[in-house]
Amino acid sequence: MASVTRITPNLVRVVATGELDGWNDGGPGAHFKVFVPAADDGTVMRTYTVRAFDRTEGRLTIDFGLHADGPMTKWARSAAVGDRFAVAGEARPGYAPSDGARWCVLFADHCALPAVASVLESLPSGMEAIVFVEVTDAADATELKSAAEVSAAWPVESGRPCAELVAAAGNVVLPDGPGDVWIGCEAGAMRDIRRHVLGELGLPRAALHSRAYWKQDVENHSDHDTGSDEG
Ligand SMILES: Cc1cc2nc3c(=O)[nH]c(=O)nc-3n(C[C@H](O)[C@H](O)[C@H](O)COP(=O)(O)OP(=O)(O)OC[C@H]3O[C@@H](n4cnc5c(N)ncnc54)[C@H](O)[C@@H]3O)c2cc1C
């Protein structure tokens with residue numbers, strides 16, 4: 001690793017160089033697998049977001065959220081320059097606005113903040129982005145760069161993770177005209193927000209992009225969980 005920086009109290013930024021020639025970064029908010037050594041001589045694999053990829057320099061940036069005590073979080077807590085890790089295959093695409101979308105509303109918790117930051121950097125001017133990011137600590141809010149017109153709220157976790165995000169969804173007013181809703185957070189909260197925007201707010205299903213980034217009390221929850229099992 002070329003650098004390791006604690007950018008906020010609960011976010012560690014790792015910049016890595018290595019055999020990344022021709023690597024496909026998957027575009028804004030894409031995800032891929034990270035492999036690190038585990039305590040028992042094995043390997044731990046978890047899903048992370050391409051926060052940035054500099055193709056010319058071959059530099060990959062990943063932001064690791066610190067939470068609970070999972071093996072990847074433990075690794076990130078003590079990561080140091082020179083440590084090695086592996087990435088698998090190509091990154092899977094993240095989010096790009098639907099054709100004709102004039103706005104997007106993004107709901108994220110701390111571990112989906114890297115995806116939100118990456119997506120915002122890709123949005124065109126003239127688009128409106130309304131962003132809610134639930135953080136562990138008020139100091140975990142980061143600068144968000146975008147050509148779009150962004151309004152961001154940073155509710156701080158209080159008790160149950162993502163409860164503040166569900167509450168924010170309950171109060172949100174979607175802008176007029178065509179637009180998308182993107183959700184990246186804990187699996188149960190993702191389903192709560194999904195039900196609300198499809199049901200009460202009447203968002204067309206094609207305009208909804210939801211994914212569980214983790215699940216309470218589950219290790220390495222599937223990165224295929226979009227909540228669509230609930231219809
Ligand atoms: C598409 C996608 C992209 C992702 N991108 C990122 C990213 O860029 N940065 C990032 O930090 N994370 C990201 N995640 C989330 C990350 O993969 C999970 O948080 C992962 O479970 C962490 O591994 P672990 O070894 O620390 O914990 P695990 O061993 O998987 O879980 C141990 C315990 O920790 C708890 N836990 C797990 N994750 C969290 C969490 N996020 N918050 C609170 N408690 C948790 C669980 O309840 C579990 O019981 C992404 C997930 C997906 C699906």
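Contact is defined here as heavy atoms within 4.5 Å, and helices (H or I, at least four residues) and strands (E, at least two) are DSSP runs numbered from the N terminus. The structure is a predicted model, in which local features need pLDDT of at least 70 and side-chain atom pairs count only at pLDDT 80 or more, while totals for chains, interfaces and linings use all residues. Residues are numbered from 1 along each chain as its sequence is written, and side-chain values use heavy atoms, with hydrogens and water left out.

The buried residues (under 20% relative accessible area, with exposed over 50% and partly exposed in between; 1.4 Å probe, protein chains only) of helix 3 (residues 163-171) are Ala163, Leu165, Ala168 and Ala169. These residues pack against strand 8 (103-109), strand 9 (128-134), strand 11 (179-186) and helix 4 (187-198).

Grid points are joined across faces, edges and corners, and a volume is the space filled by probe spheres set on the points.

The largest pocket holds about 820 Å³ of space. It is lined by 36 residues, of which His67, Cys111, Tyr213, Trp214 and Lys215 are the closest to its centre. Two or more lining residues come from each of strand 4 (43-49), strand 6 (59-65), helix 1 (71-77) and strand 12 (208-214). Domain 1 (3-92) and domain 2 (103-230) both contribute to this lining, so the largest pocket lies between them; the domain bounds come from an automatic or database domain assignment. The lining comprises 14 nonpolar, 12 polar and 10 charged residues, where Ala, Val, Leu, Ile, Met, Phe, Trp, Tyr, Cys and Pro count as nonpolar, Asp, Glu, Lys and Arg as charged, and the others, Gly among them, as polar.

The volume of the second largest pocket is about 300 Å³. Among its 13 lining residues, Thr17, Gly18, Glu19, Phe85 and Ala86 are the closest to the centre. At least two lining residues are supplied by each of strand 2 (11-17) and strand 7 (86-92).

One cavity of 30 Å³ or more is present. The largest cavity contains about 40 Å³ of space and is lined by Thr8, Asn10, Leu11, His110, Leu113, Val135 and Asp140. Domain 1 and domain 2 each provide at least three residues of this lining.

Technical notes: 1 Å grid on protein atoms, 1.4 Å probe; cavity = no way out; pocket = protein on both sides within 12 Å on 5 of 7 lines; lining within 4 Å.
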